[in-house]
Each structure stands twice: as C-alpha cells, then as structure tokens.
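The sequence and structure come next.

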Amino acid sequence: MKRARRAAPGPLPVLGLLLLGALPGLWTVLLRREAAALPEPRPPAGQSPGRWGWGRSPPVRGESGGGGQKTFRTLLAVPAAATDREERDGEERLAVTDSQPPADTASPVERGIFWSRELEEQVPPGFAAEEAAAWLAAARAARVASLERGGCGRSSNRLARLSDGSRACVRYGINPEQIQGEALSYHLAGVLGMQERLPPMALALVEARGRQWEPVREELRGSHWAEGAVVSLTRWVDNLTAVVAPAPWGAEAGAGRRLQPLSAGELVGLSPSQLVELVQWSDLILFDYLTANFDRLVSNLFSLQWDPRVMRRATSNLLRAPDGGLVFMDNEAGLVHGYRLLSMWDPYNEPLLRSVCVFREGTARRVAELHRRRSAAAELRRRYRAREPLWARLGFLSERQAELLQARVDFVHRHIAHCRAQ
C-alpha cells in the first residue's frame with residue numbers, strides 16, 4: 001500500500017514567511033534613516049565653556065568689538081529677540097561642565113577660604129597709591145578750566161576739565177551726607193586695603209570768587225550750586241565698560257532662587273580671567289555690606305520684583321577698566337545715607353554677603369584686626385583726617401553710625417569664621 005505524499009507548501013505561505021523574517025531588519029533601517037534625518041544636538045548659540053557660562057557683552061563706551069576670550073559680562077542690554085533666546089538657553093548654559101582646567105593648574109583657593117597668592121597676583125593693580133596721591137595733589141592745586149554736562153551721573157553733576165589737562169567728575173550731592181558718604185567710603189576702602197579699586201577722590205569747596213573756580217564763574221551760575229557747598233572731585237577714567245553680575249549672583253537671583261555661597265567647590269572649570277574677576281567681586285560685596293551701599297548690586301536685586309531681566313543687565317556703579325580691573329564707582333550711598341536705610345536694604349545686603357565664602361586673605365586679616373581691636377571707626381577717622389584737608393566741613397560719623405560700622409565689621413568677621421568652620 002502506497003503512503004500518501006505530504007503536499008508541498010504553496011507560493012503564498014512561503015512569501016509570508018520570508019516577509020516576516022525580513023521585518024526586524026527593515027525596522028532597523030527605517031530607524032536609522034529617521035535618526036539620520038534629525039539635526040545633531042548642539043549647544044546654545046554663543047555658549048561659553050564652564051559651569052557658570054559667563055560670556056562677553058557688546059562693546060560699551062568705545063570698546064572695540066569682535067571676538068575674544070569670554071569674560072563675565074554676559075547678557076548686557078541686547079535686542080529683545082536675543083534677550084529672549086538667552087533666557088531660554090540660560091539653564092542649559094549653567095549646566096555645561098565639559099571644560100576642565102589643565103591637570104597641573106594650581107588650586108585657586110588656599111586653606112579652604114582664601115584666594116591663592118598666585119591668583120591674587122594676576123588681579124589688575126587698579127589705582128596705585130603713589131599714582132592716586134599724585135593725582136589728588138594735582139587736582140587740589142589745579143584750577144577748573146571748564147564744566148560740562150553729561151558723563152557723571154545726575155544732572156546736577158559736571159565733568160570738569162582741570163588746568164593741568166586732566167578731567168574729573170564733580171559731584172554735587174542732593175544733600176551733604178551723600179558727599180560725606182562718598183568721602184568716607186573712599187577712605188574706608190583704604191583702611192580695608194582695597195582703595196586701588198576706587199578712583200582717586202578729593203573734596204573741594206565751591207567758591208565762585210576763589211582761585212580754583214574763578215575761570216568757570218559763569219558756568220557756576222547755571223549749575224545752581226550753592227556758594228560754599230562741598231563737592232567731590234573724582235578722577236575721570238577713559239574706556240570703562242559695563243559689568244554684568246556673574247553667577248551665582250546673576251543667574252541664581254535672576255531665576256528667583258536663593259543665593260548659594262561661592263565656595264572653593266564652585267570654582268571647578270573656571271578660566272583664569274573668570275577667577276581673577278571673582279577675586280574682585282568678593283571684595284566688592286564685602287565692601288558694600290560694610291558701607292550698607294544699596295546703589296550697586298543690591299539695587300538690581302531689589303528691582304527683580306518688577307523687572308525679572310534686571311540681573312542680565314549692567315550692574316549700577318560698577319565698571320571695568322581695559323585691563324580687566326573692576327572700578328567701584330559712585331559710593332555716595334555708603335555709610336551715612338545707607339545706615340539710615342538699613343531696615344529697607346539689609347534684607348538684600350546680608351544674603352549677598354552670605355553668598356561669598358572665599359576671600360582675599362589680606363581683606364580677612366584687616367577685618368579680623370578691626371574686630372579684635374574694635375577700632376573700625378577710630379581708624380577710619382584717623383585716615384580721613386590725615387588725608388582729606390576739608391574733612392571738618394562735612395564732619396565724621398555720628399556715635400550711632402560708628403557703632404553700626406563696628407557691628408558690621410563684627411558680623412563680617414563671624415561670617416568668615418563660619419566659612420572657615422564648614
């Protein structure tokens with residue numbers, strides 16, 4: 001008996017099996033084609049390396065444009081479209097961590113809280129003591145050749161051309177305590193060892209018939225300055241450019257987050273120029289806390305409540321010299337005026353101070369000495385009287401203001417000790 005033969009498969013089932021086996025390979029090809037069609041991910045336009053992502057601002061006051069090494073001055077006033085793009089990209093920029101310093105780079109911080117000596121040696125020298133003394137002597141002896149409007153802040157101020165060829169900003173205060181605050185802040189910077197960051201400043205007495213002002217008697221009539229008023233003469237400096245606050249102050253505050261302390265662990269990946277600027281910022285924030293100056297970074301923080309972009313714009317009364325040195329300008333809100341308004345401005349000034357946990361060792365040492373001797377007001381008075389011939393015209397701090405200065409020195413000393421203990 002013959003066994004029945006099994007029927008051979010027809011053409012359709014065979015074709016189905018072949019298609020089923022080919023599906024995984026076909027799916028892989030399609031995925032690869034789709035991936036190839038997508039654009040390659042790129043960092044935001046203009047992104048700078050490093051965790052904190054500071055970039056260079058557009059030229060200001062005659063600064064030459066073009067490329068160059070990135071610096072802190074990100075996000076100056078730019079067209080609206082560019083500003084919106086920067087705001088969208090801000091968080092991504094802060095997250096970049098792929099730029100690391102060379103393996104042999106020395107640590108920027110010594111003993112946990114002090115900027116290294118090598119780094120401090122890279123800080124631009126500012127206004128050297130000998131240079132400042134020479135300018136002050138010349139300015140006091142010179143005659144005022146002309147007075148011009150503009151370039152020196154308030155409409156009541158003037159740009160003076162002196163007979164020796166130099167120029168100075170002449171500031172006429174709304175009230176005398178502003179000029180007093182300017183002068184005392186300048187000499188407190190000397191007590192703290194950071195006067196090189198402030199342009200040289202001297203007091204002058206407005207006397208239309210006096211030798212110094214006689215050439216500009218007509219201009220004085222148009223200025224509405226009171227006869228016998230005390231004004232400040234501050235050396236004019238060319239080619240200064242605006243400064244935007246770096247992170248953490250700019251980025252953290254601008255995003256509505258609590259300011260985080262600037263400590264040694266936050267400095268990884270920063271370039272030497274960024275570190276050099278941070279050295280100067282640490283002095284600035286400490287100085288503004290001691291003087292209770294609200295007319296610089298504090299005023300920007302205050303304005304955040306109605307202007308969320310203000311931290312992306314220039315910091316008030318802070319400029320940069322061509323060599324990268326910061327210039328602490330217009331300090332008339334310090335000490336006298338600032339001390340009257342502590343309840344309003346200390347909620348901003350104190351968190352700023354707490355946001356710094358790395359200091360210049362010389363600054364910390366001077367604060368420690370003023371704390372130990374309880375001599376802040378006494379040393380300021382001694383220096384002020386020795387170096388400013390017109391000091392008696394404006395007087396000195398009241399007893400209460402002297403106590404406030406010492407209390408703020410003590411607070412800074414405790415803060416430095418807290419940073420050291422962490």
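Which handedness does the link of Cys357 and Cys419 have, left-handed or right-handed? The link of Cys357 and Cys419 is left-handed, with -80 degrees about the S-S bond. The model in which this link is seen is a predicted one.

## Overall composition

The protein chain contains 15 helices and 10 strands. Its length is 422 residues, and 50% of them count as buried.

Among contacts in the protein chain with a separation of 6 or more, 73% are between residues 24 or more positions apart.

## Disulfide Cys357-Cys419

The sulfur atoms of Cys357 and Cys419 are 1.9 Å apart and form a disulfide. This pair links distant parts of the chain, 62 residues apart. Cys357 sits in the loop between α11 (342-354) and α12 (361-373), whereas Cys419 belongs to helix α15 (residues 399-421). Both Cys357 and Cys419 are buried.

## Disulfide Cys152-Cys169

A disulfide also joins Cys152 to Cys169, with an S to S distance of 2.1 Å. This link is left-handed, at -80 degrees about the S-S bond.

With the bonded cysteines of the protein chain numbered in sequence order, the pairing reads 1-2, 3-4.

## The sheet β8-β9-β10

Three strands make an open sheet in the order β8-β9-β10, and their pairing is antiparallel.

β8 pairs with strand β9 (residues 314-320) in the antiparallel sense, over 3 bridges. Within this pairing, Thr241 has Arg320 of β9 as its bridge partner. Helix α8 (residues 272-291) packs on the sheet and touches β8, β9 and β10. The direction of α8 makes about 10 degrees with that of β10.

## The helix pair α5 and α13

How do the axes of helix α5 and helix α13 cross, and at roughly what angle? Helix α5 (residues 176-192) and helix α13 (residues 376-387) have axes that come within 9 Å and cross at roughly 110 degrees. Angles of 65 to 115 degrees count as roughly perpendicular, so α5 is roughly perpendicular to α13. The crossing of α5 and α13 is right-handed.

On the α5 side, the contact is made by Ala183, Leu184, His187, Leu188, Gly190 and Val191. The residues of α13 that take part are Glu379, Leu380, Arg383, Tyr384 and Arg387.

Conventions
Residues numbered from 1 in each chain as written. Predicted model: local features only at pLDDT ≥ 70, side-chain atom pairs only at ≥ 80, totals over all residues. Heavy atoms only, no water. Disulfide = S-S within 2.5 Å. Helix = DSSP H or I, 4+ residues; strand = E, 2+ residues; numbered from the N terminus. Buried < 20%, exposed > 50% of the residue type's maximum accessible area, 1.4 Å probe, protein only. Pairing = 2+ DSSP bridges. Contact = heavy atoms within 4.5 Å. Axes fitted to C-alpha atoms, helices over the stretch in contact; angles between N-to-C directions. Parallel < 35°, antiparallel > 145°, perpendicular 65-115°, else oblique. Left-handed = near helix turned anticlockwise from the far one by under 90°.
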